[in-house]
Amino acid sequence: MQSPKGTFDILPYGADEPWKQAFLWQHLEKVIRETATDYGYGEIRTPIYERTELFSRGVGDSSDIVMKEMFTFLDRGERSISLRPEGTASVMRAFIENKMAQERPIHKFFYLGPMFRYERPQSGRYRQFYQFGIEAIGSPAAAQDAETIDLLWEICRRLGLKGLKLDINSVGDSASRLAYRESLQNYLRPYFDDLSQDSKTRFEKNPLRILDSKDPKDRKLLEGAPSILDSLSAEAKEHFDEVKTLLDKIQVPYTVNDRIVRGLDYYCKTVYEISADVLGAQNALGGGGRFDGLISSLGGPELPAVGFAAGIERILQTMLAQQAPIPAQRGPLLYLLPLGDDAKRTCFTLASHARHKGIAVEINLHAKKIQTGLQMASKLNARFCAIVGSEEISKGVVQLKDLESRQQEEVPIDSLIDLCLKRKESL
Ligand code: HAM
């Protein structure tokens, strides 16, 4: 049996690629949780599936995600259900449904979990992938946009990532987008027949998304296209200028890239993407922006919001490619190696008592030879190995071997736990 195409396992050991090792995921998740908490974001967990309508209304009917990439099925009650392709629409649904707007003026959430998109799998692109994301609801201020960017940048800094590129743009308010839509269509109209099929379809439906085209011929045509920044309303321009000023003040380096429009329909004003060149074709680590109209379009109050999401696989792959510092995988402090039935019983009890005191212990109840037991202890990255044979049992001691210094000492069994506690503190 094989896992479905585009999915993978995360393992405690034995992974076929280093980024699939569970301890790396735990490290990343810890840094994300700590940083998000430092910035005042609280965790939100929503279901992995929702009614399909949430995504068609939330993410947008004309987005690739909704048109081509959703895992959609009818449940046994004939309701159309989709696995979540992203987190924003679900978080907004939960916010509205739980009437959270009444609680306070500003709401800041973060989430971590699997998302599902039926894309063509390749390196860095999966059908079940993991995102962490944040959403800040209630503030129209440019400072809120800048705070989300600062948080994304800080997580990357704490993870030791280097040489990242941050592209920012503004897609304006609806008046700006309407004006730009027209000037982009006017520019592209003479070349319509040369556009790719996808871009032809987008020409009327959502011309801004043509800027996202990967087709080389489209890309060439787009080189001379007008800039959305020239169509911004005075208010949208002022907002964007303030975001840039604030990023300058906190020294987050960015490039203004007027071709960034993002693949989801809900954005307005600020949009941004962060990328790493070590990743090859799928180089976007994360992206986000402002989405002031989404909550009301889903039936909630008229509240502005801004957020981002980042791909965990891609961040881990970048960390490994850049040899970012990662804490070593922790092994047991104590590895118990009993030889003989009496020793096994004594060690079994000892292991239980030591674990109750918070000492990480592994016990080998099946070793026939000291040598193979010691090899296993080293493989597990254990720090100390206690060898307990029948002679040790009759004397009430263990032979305690320090697997780092290779030194061995005889220790009374009764004082082993206290000794381990002391050594644990001094490590
Ligand atoms: P997105 O740009 O679609 O935005 O996804 C964010 C990140 O998820 C991407 O930059 C990428 O790292 C990762 N990602 C997306 N698809 C895949 C895939 N098939 N395999 C691996 N990684 C992938 C959103 O999802 C928005 N909800 C972000 C947002 C939050 N905007 C506002 N708030």
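F73 stands opposite I81 in strand 4. The model is predicted: local features need pLDDT of at least 70, side-chain atom pairs count only at pLDDT 80 or more, and totals for chains, interfaces and linings use all residues. Residues are numbered from 1 along each chain as its sequence is written, and side-chain values use heavy atoms, without hydrogens and water.

Sheet

- Strand 3 pairs with strand 4 (residues 80-83) in the antiparallel sense, over three bridges. Strands here are DSSP runs of E with at least two residues, and helices are runs of H or I with at least four, both numbered from the N terminus. Two strands count as paired if DSSP finds at least two bridges between them.
- Strands of a sheet pair through backbone hydrogen bonds, either parallel or antiparallel.
- The open sheet has three strands in the order 2-4-3, and the pairing is antiparallel. Strand 2 (49-51) and strand 3 (72-74) are its edge strands, each pairing on one side only.

Residues with positive phi

- K269 is not a glycine, yet its phi is positive, near 50°. K269 belongs to strand 9 (residues 268-275).
- K269 counts as buried because its relative accessibility is 9%. Buried means under 20% relative accessible area, exposed over 50%, and partly exposed in between (1.4 Å probe, protein chains only).
- Q323, also not a glycine, has a positive phi of about 50°. The loop between helix 11 (312-321) and strand 12 (334-338) holds Q323.
- Q323 counts as exposed because its relative accessibility is 68%.
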